[in-house]
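Look at the structure first, then read on.

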Amino acid sequence: MVAPRALDIYESFDRFASGKKVREDTWDYVTVPTNALAMKEKYNIDFDNKIIPEDDDLADRLFLAGIEMLACTGFYNTNLGRALSISEEEILEGIKKAPNKIKMGRGNERVACKTRKGNSKRKPIIQGGPTGAPVSEEIFPHMMQSYAQEAAVDTLVSGVLNTVSGRPATTNTPWEIRATLAEIRYVREACSMVGRPGMGI
Amino acid sequence: MNMIAGWATANDIIMMEQMPIFGGYSGGVEETAICDVATMLASFALFDCDIHLDGPIHIRWGTTTTRETLQIAAHAAAALDRNTDLLLANQYYTLAGPCTEMCLLEVAAQAITDTASGRELISGSASSKGVVKDRTTGMEARMMGEAAAAAAGMEIQEINRILDNLVSSYRGYYSKPPAGKRFQDCYDIKEIRPTDEYLDIYDKALKALINYGVYV
């Protein structure tokens with residue numbers, strides 16, 4: 001049966017809240033590995049030591065295995081200790097609403113991230129940065145500038161400030177907020193220093 | 001989920017990050033890839049995501065550049081690329097540190113893999129597994145971009161042959177990877193210019209890639 005509509009974050013929350021109670025260790029040690037192995041066997045998934053699949057049918061079977069894995073297993077919410085259920089039809093309806101193109105940045109630095117197909121001759125968007133690695137406060141803008149100045153880089157991803165005003169940016173404290181805002185300022189400053197103030201960050 | 005509700009209602013672009021662990025609860029490479037596909041689908045179907053940021057990671061080495069984690073990332077991306085128009089990204093965690101040839105070759109191997117398997121955005125690199133302070137630089141991102149540009153459009157069979165050799169060139173160093181240098185030790189901080197030493201190492205990595213058949 002077709003799905004009445006795609007889920008949104010509100011309906012997902014409601015489904016988690018009314019979902020089946022499951023122990024986290026049962027989910028981790030039994031539910032996920034048992035179902036993943038069953039999908040591997042059902043869809044005959046074998047990578048044959050290839051890094052990138054050369055067999056289109058294998059890629060298609062893996063897609064079907066992933067859909068059935070999600071539909072038969074659901075999704076676990078560790079905070080609530082409950083698992084949500086979603087049907088295959090709802091999964092397919094849900095991915096229809098996702099964009100096939102997004103734009104990042106502004107002005108001359110605006111880039112479009114669009115669907116590629118296979119190994120298209122159009123390279124992916126290059127997002128440069130420490131990707132969440134810890135960075136000293138003293139060198140943070142300099143390090144970000146080293147990414148922003150690279151011609152190959154289209155957008156930036158930030159690192160994590162190790163301290164802010166000399167204080168540790170501890171999670172769930174006001175210093176975490178100050179550090180986050182400082183990171184954004186430093187990244188913007190790095191973009192401006194290399195004449196790319198509109199880079200997506 | 002509260003924060004997603006705010007972003008979704010404001011129509012912000014939402015990038016959802018998820019890093020499947022190879023060697024953990026899921027099982028082998030195939031089972032981990034099945035879970036990766038399922039979780040990517042969930043990101044879009046349950047959490048209003050616009051672009052998904054993957055990052056299959058090796059439980060023993062803590063990196064995304066091993067043969068197994070590249071296999072998982074490539075198969076999962078290809079499965080979704082062939083059957084949907086979803087926007088897929090991947091992130092980079094190398095074992096070696098900046099200012100080493102191994103670090104640059106790890107980045108290149110993943111950039112080639114991600115490009116050839118149809119991903120739309122690549123994000124990195126967190127060198128030294130992203131856990132050592134000040135051990136990432138813009139030169140690794142330059143390599144990411146150059147390797148991706150060189151790999152775009154190549155035949156998959158040729159890419160697989162190159163990757164077999166490229167990954168084999170560094171996998172013997174997993175137990176003792178070169179730590180490399182801090183950003184402040186491989187860049188002139190005032191000029192934000194990589195040192196001659198790093199430029200020489202970068203040149204060597206480019207030559208190695210050309211020898212493997214990647215014309216950067």
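In which sense do strand E6 of chain A and strand E6 of chain B pair, and over how many bridges? This is a predicted model. In it, E6(A), residues 125-128, and E6(B), residues 121-126, run in the parallel sense. Four bridges join the two strands. One of the bridge partners is Gly124(B), which faces Gly128(A).

The chain contact involves 82 residues of chain B and 78 residues of chain A. On the chain B side, H2(B) gives the largest share, 14 residues.

Helix H2(B), residues 29-47, meets helix H3(B), residues 67-83, at an angle of about 45°. Their axes are 9 Å apart. Angles from 65 to 115 degrees count as roughly perpendicular and those under 35 as roughly parallel. H2(B) and H3(B) are therefore oblique to each other. Their crossing is right-handed. From H2(B), the contact draws on Val29(B), Thr32(B), Ala33(B), Asp36(B), Val37(B) and Met40(B). H3(B) contributes residues including Glu68(B), Gln71(B), Ile72(B) and His75(B).

Chain A has a domain assignment with domain 1 at 9-96 and domain 2 at 102-193. The C-alpha centres of these two domains of chain A lie 32 Å apart.

Technical notes. Residues numbered from 1 in each chain as written. Chains lettered and ligands numbered in written order. Predicted model: local features only at pLDDT ≥ 70, side-chain atom pairs only at ≥ 80, totals over all residues. Domains from an automatic or database assignment. Axes fitted to C-alpha atoms, helices over the stretch in contact; angles between N-to-C directions. Parallel < 35°, antiparallel > 145°, perpendicular 65-115°, else oblique. Left-handed = near helix turned anticlockwise from the far one by under 90°. Contact = placed C-beta atoms within 7 Å. Pairing = 2+ DSSP bridges.
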